[in-house]
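Visitor: I would like to learn how to read a fold like this one, feature by feature. Could we begin with the strands and then move to the interior?

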Amino acid sequence: MTTIVDKIVENPTIEQVKEVLGFQIHERPLFSHDPLTGGIKESNKKTTYRFTSDQNGNMAYVDLGEVGKGYQIVQNDRFIEKCVQPLLDTEMVSLQGVGSLYQGGTVFTQMKLTELEPVPGDVYRCYVMAFNSNDGSGGIGFLSGTERVFCRNTYRSAMHHKASQILSARHTKNVEVSLDLIREALDLVNGGFIATMEQLKRLSKICIENEEQVKKVVKVAFSQKSLDDGTFAAETSTGRKPRVYEDVLNLFHNGQGQD
């Protein structure tokens, strides 16, 4: 079986997006042995696959994954047309990356949606990533978050990050109708991100000047019991239960940006 390495391009042009995702997805039925008749019968699943060239330049195919009979393929060119190009047409986003992972079983295009700086030097970026699974491992849709994706690890991290907002649809016969509704919802996601930035700006104007003020803030934020025994949080990777006041005080003196 031919193995295809991941292909990722950062800051691509739309032409490079089309080049990276320039392959078709195909499907074929799966068959199983019938123990009663001894014959072969079609199963209730099918498999998706793609063609490629092996190291000798010969045509080969790569199995991507098993999917249900009702699975509706969304080809890469259609994915670009429905999920990527409409956002680019708004001129409110810029391309940040495109990738084909797991031999083409997962594809994505990431765009920068918003960049805000609540305080000088502290820049927050909101990215929107259009994604599609061609192997049955997930759906098709958009992810909004602050994490830049440039490999498998960062892709998985972004998809599972608690701050990420995912709007997706299953690969059914109505998948393209769902995508239109999902894309409209992205405006709400971006609006929420901007609202969060406004809150950060207000917080940045509050000045904590000494350790006594730190202690007052900590007492308001946490119960006395949690301050005494650290039960507000799980143990850290070192096995130590965090001590709220001591940890916050350390950040007050040594945290990023405190200089």
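Predicted model: local features only at pLDDT ≥ 70, side-chain atom pairs only at ≥ 80, totals over all residues.

Visitor: Which strands are joined to S5 by bridges?

Guide: Strand S1 (residues 7-10) is joined to S5 by four bridges and runs antiparallel to it, with Val9 bridged to Val98 in S5. Strand S6 (residues 106-119) is joined to S5 by seven bridges, again in the antiparallel sense, and here Ser100 has Val107 of S6 as its bridge partner. S5 and S6 also form a hairpin with four residues between them, and Tyr102 in that turn has a positive phi of about 55 degrees.

Visitor: Is strand S5 mostly covered or mostly uncovered?

Guide: Strand S5, residues 94-101, is mostly covered, since seven of its eight residues are buried under the 20% cut-off on relative accessible area. For the protein chain as a whole, buried residues make up 38% of the 259 residues.

Visitor: Which residues touch the most other members of the largest nonpolar core?

Guide: The idea is to look for buried nonpolar residues joined through their side chains. In this structure the largest such core has 35 residues, and those touching the most other members are Leu21, Phe79, Cys83, Val84 and Met111. Several elements give two or more residues to this core, among them helix H1 (14-20), S5, S6 and helix H4 (175-204), while helix H2 gives the most, with six residues. Met111 shows how such a residue is surrounded: leaving aside neighbours within four places in sequence, its contacts include Cys83, Val84, Leu87, Leu95, Cys126 and Val128.

Visitor: What does a second, separate core include?

Guide: The second core has eight residues, including Leu101, Phe108, Met129 and Tyr155.

Visitor: Where is Phe23 placed, and is it buried or exposed?

Guide: Phe23 lies in the loop between H1 and S2, and it counts as buried because its relative accessibility is 9%, which is under the 20% cut-off. Beyond its neighbours within four places in sequence, Phe23 is in contact with Arg50, Gln75, Asn76, Ser100, Gly104 and Val107. Of these, Gly104 is 81 residues away in sequence, yet the C-alpha to C-alpha separation from Phe23 is 8.6 Å.

Visitor: How much space lies in the largest pocket, and which element gives the most to its lining?

Guide: About 990 Å³ of space lies in the largest pocket. It is lined by 24 residues, of which Leu203, Ile206, Leu251, Gln256 and Gln258 are the closest to its centre. Helix H5 gives the most to the lining, with four residues, and the other elements that give two or more are S6, S7, H4 and helix H7 (244-254).

Note on methods: Residues numbered from 1 in each chain as written. Heavy atoms only, no water. Buried < 20%, exposed > 50% of the residue type's maximum accessible area, 1.4 Å probe, protein only. Pairing = 2+ DSSP bridges. Core = buried A, V, L, I, M, F, W, Y, C linked by side-chain atoms within 4.5 Å. Contact = heavy atoms within 4.5 Å. 1 Å grid on protein atoms, 1.4 Å probe; cavity = no way out; pocket = protein on both sides within 12 Å on 5 of 7 lines; lining within 4 Å. Points joined across faces, edges and corners; volume = space filled by probe spheres on them.
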